[in-house]
Amino acid sequence: MKRLSIVILIVFAAVPVFGENYLLNGSQESRIKYKMVQRVRPSAGLKKLMLSSVVPESFSSPTYNQRIEDFELNFFPPPLRREERTDKRGNKVVEATWKAPLGTVTTTIRFTAINSTRLQTLKTGAPFPLSRLPQQVKVYLKATDQVPADDSQIRSKARELTSTAKNEFDAVQRILTWVVDHMHYVLIPQSYDALYSLQSGKGNCQNYSHLSAAIMRAVGIPVRIVNGITLKQPYDINIGNSILTMKMAQGRHSWIEVYFPDLGWVPFDPQGTELFVSNRFIRVETGLDNNETRQDGLMRWVQASSSSGRPVFEESIQAEFVNDHIKLSGRKTNYGPRGLLLSPQVEAAFLKVTVAPPPTPLRVPEEVLKRLRFKKAYVFGNLDFPENVDFLSARGPAERHSGNIMEMRKNFLVETAEYVTTRGNQYAQTFILTKPMQLQHTGLALHKFNSEGQLWLELSKDNGGTPGDLIATSDIIELNQLKFTPGYTWVDFDFTATSVILSPGRYWVALGFTGGPIVNWFFTYGKPVGPQDGTRYKTMFDETWSRSLAYEFNYRVIGLTAK
C-alpha cells in the first residue's frame with residue numbers, strides 16, 4: 001500500500017492579542033406590565049398548603065434602576081391566613097396558608113416596572129483591599145455553604161487572581177474575566193455551590209453567582225446574591241457594521257451586586273455583564289446565597305402520612321413592554337476573556353487581561369481527503385440540554401423542612417429557546433471541525449408546536465465569520481412525521497445522499513422552512529463550543545448575515561472520520 005505523506009509548514013510569529021470584552025454606551029428605558037400566575041393542584045391527602053412570595057422593591061444604582069408601581073398580590077380561593085413580614089435582609093415576604101384545599105390554588109402577581117439601564121463612563125477610586133466598611137455591609141463578606149469564601153481552594157484562587165490588583169475594580173475585573181472563561185453553562189448541574197463550580201467549571205446562574213461571590217468575599221469584597229426574573233424581550237447593540245442581539249429566557253435568574261464605597265451596590269451578571277444588568281431584569285430578593293434567597297416562589301405543605309403524592313406547581317410569566325426605548329452601541333476591545341463580557345467604560349487603572357485566540361484547524365488538501373478511509377464514528381457539537389422537559393411544571397425535588405412539613409423551592413430551570421420559523425428571519429449556527437469528516441446527519445434540539453410545513457438544513461462554507469457558499473442541502477423533513485413531545489428533542493437532518501466530505505475548518509448550518517411550521521430551537525447561554533460570532537440570523541431586509549446572537553444553539557454533527 002502506498003504511504004501517504006503530509007508536510008506541514010509551521011510559521012512562528014507574534015501571538016495576536018484577543019478578547020471578547022465590549023465597552024457599551026447608551027441606555028434602555030422601558031415601562032413593563034408584568035404578570036405572574038402560579039397554580040397549585042393539591043395532591044390526595046393534602047392537609048395544609050403554604051405559599052410564599054416576595055414583594056419586589058424599587059432599586060437604584062449608577063447603572064440599573066427599577067421602580068415598581070401598582071403592585072397587586074391576589075389569591076384564589078382566599079387563604080385561611082395571610083401574613084406579611086420583613087426578613088433580616090430587608091425582603092418583604094408574604095405567606096398565605098390554606099387548610100386542606102380541594103381545588104386548584106392560584107396566586108396572581110401584577111405590577112408595573114419602570115426599568116432603565118444607563119451606560120456612561122463610570123468613575124471609581126475604590127481602593128483594594130477595602131477598609132472601614134459600614135457595619136451593614138460587612139455581613140456580605142460572610143462564608144456560607146454555597147459561598148464558602150473561607151475554603152482554602154477558593155482563597156488560593158482569589159489570591160492568584162488579585163494579588164497585584166491596584167484597586168477594587170481591577171480586582172473585580174480580573175475575577176469576572178476568569179469566571180466567564182472558566183464556567184460552562186449547564187441547566188441542571190450536580191450541585192450549586194461555589195466549590196463545585198470551581199472544581200467542575202460547570203453550572204447554571206446560581207453557580208456563576210456563588211463562585212463569583214465566594215472569590216470576591218475571600219479577598220474582602222462584599223457581594224450579595226440577587227434573585228429575580230429575566231424577560232425574553234430581545235435588544236440590539238450596534239457594534240460597527242454589525243448588530244449583536246441579546247436575549248434571555250423568561251424565568252427565574254440569579255445574579256450579584258458588588259459593593260463599591262464610592263458607588264454603592266452595583267449589579268453584575270457573572271454570565272456576561274459587569275457593573276450593570278439590562279433592564280430586562282426584574283429584581284425581587286437579596287441575601288447571602290440562594291439558600292437564603294428562597295422565599296419567593298416557596299411552597300410548603302403537610303400531607304397525610306398514608307399519602308405519597310405531592311402538589312403540582314405551575315408558574316407562567318407574561319410581560320408587556322408598553323414602552324421600550326433602546327439606544328446602545330458597543331466597541332470591541334483587544335482584552336478580556338474568550339467569552340463575552342459587556343461593560344460600560346470605567347475610569348480606573350486595571351490590568352487588561354489578554355488571551356491567545358483559538359487555533360485555526362489545519363485544512364487537509366482535496367487530493368488527501370479523497371484517499372482517506374472514513375470508518376470511525378464521530379459525534380460532536382453543543383450537546384448538553386434538558387431533553388423532553390416540560391418547563392411549565394418543572395420544579396425541584398421535595399425536601400423535608402421540619403417535622404412533617406415538606407417544601408419545594410423555586411428552580412432556575414428556564415426554557416432558553418428561539419422561535420426560528422418566524423416569517424422573514426433565518427437562523428444559522430457555525431461549527432468547527434478539527435478532523436476530516438464524512439457528514440451523515442446534523443441534529444438540532446427542536447420542539448414543534450404544530451404539524452404543518454417542512455424543514456431542511458443548508459450546509460455552507462464560512463465566509464469571514466458568516467455563512468458563505470452553499471455546499472449541500474439535507475433531505476426535507478415533513479413536520480407531520482415528527483412526534484409531539486413534552487419538550488425539546490433531537491431532530492436529525494439526513495445528508496447521506498449528498499456524500500459530503502469535509503476538511504477541518506469552519507462551516508455553517510442554516511435552518512430552512514416552508515408551509516407555516518411553528519418550531520423552537522433550544523440554545524445555551526454563552527458559547528460552550530463555538531466562537532462568539534458563531535450564531536447568526538438575518539431578516540428579509542438583510543443582504544448579509546450581519547446580525548449575531550449572544551448564545552449558541554444546541555446542535556450535533558454526526559458522521560465518520562478517518563482513523
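Modeller: Before we start, a quick definition: two strands pair if DSSP finds at least two bridges between them. Also keep in mind that this is a predicted model.

Biologist: Got it! So which residue in strand 15 is the bridge partner of V258?

Modeller: The partner of V258 is V266.

Biologist: And how many bridges join strand 14 and strand 15?

Modeller: Five bridges, and the two strands pair in the antiparallel sense.

Biologist: Nice. What order do the strands of that open sheet follow?

Modeller: The order is 15-14-11-16, four strands with antiparallel pairing. Strand 15 (264-268) and strand 16 (281-287) each have a single partner strand, so one side of each has no neighbour in the sheet. On average, neighbouring strands are turned by 35° against each other, direction ignored.

Biologist: Which helices pack on the sheet?

Modeller: Helix 3 (residues 168-182) does, touching strand 14 and strand 15. The direction of helix 3 makes about 150° with that of strand 14. Helix 5 (residues 205-218) packs on the sheet too, touching strand 11 (223-230), strand 14 and strand 16. For helix 5, the angle with strand 14 is about 15°.

Biologist: Switching topic: how much space lies in the second largest pocket?

Modeller: About 940 Å³. The pocket is lined by 41 residues, and K232, A249, Q250, G251 and E415 lie nearest its centre.

Biologist: Which strand gives the most to that lining?

Modeller: Strand 18, with four residues. Among the other strands that supply at least two residues each are strand 14 (251-260) and strand 25 (425-433).

Biologist: And how do the lining residues divide into nonpolar, polar and charged?

Modeller: There are 20 nonpolar, 10 polar and 11 charged residues.

Notes. Residues numbered from 1 in each chain as written. Predicted model: local features only at pLDDT ≥ 70, side-chain atom pairs only at ≥ 80, totals over all residues. Heavy atoms only, no water. 1 Å grid on protein atoms, 1.4 Å probe; cavity = no way out; pocket = protein on both sides within 12 Å on 5 of 7 lines; lining within 4 Å. Points joined across faces, edges and corners; volume = space filled by probe spheres on them. Nonpolar A, V, L, I, M, F, W, Y, C, P; charged D, E, K, R; others polar. Axes fitted to C-alpha atoms, helices over the stretch in contact; angles between N-to-C directions. Contact = heavy atoms within 4.5 Å.
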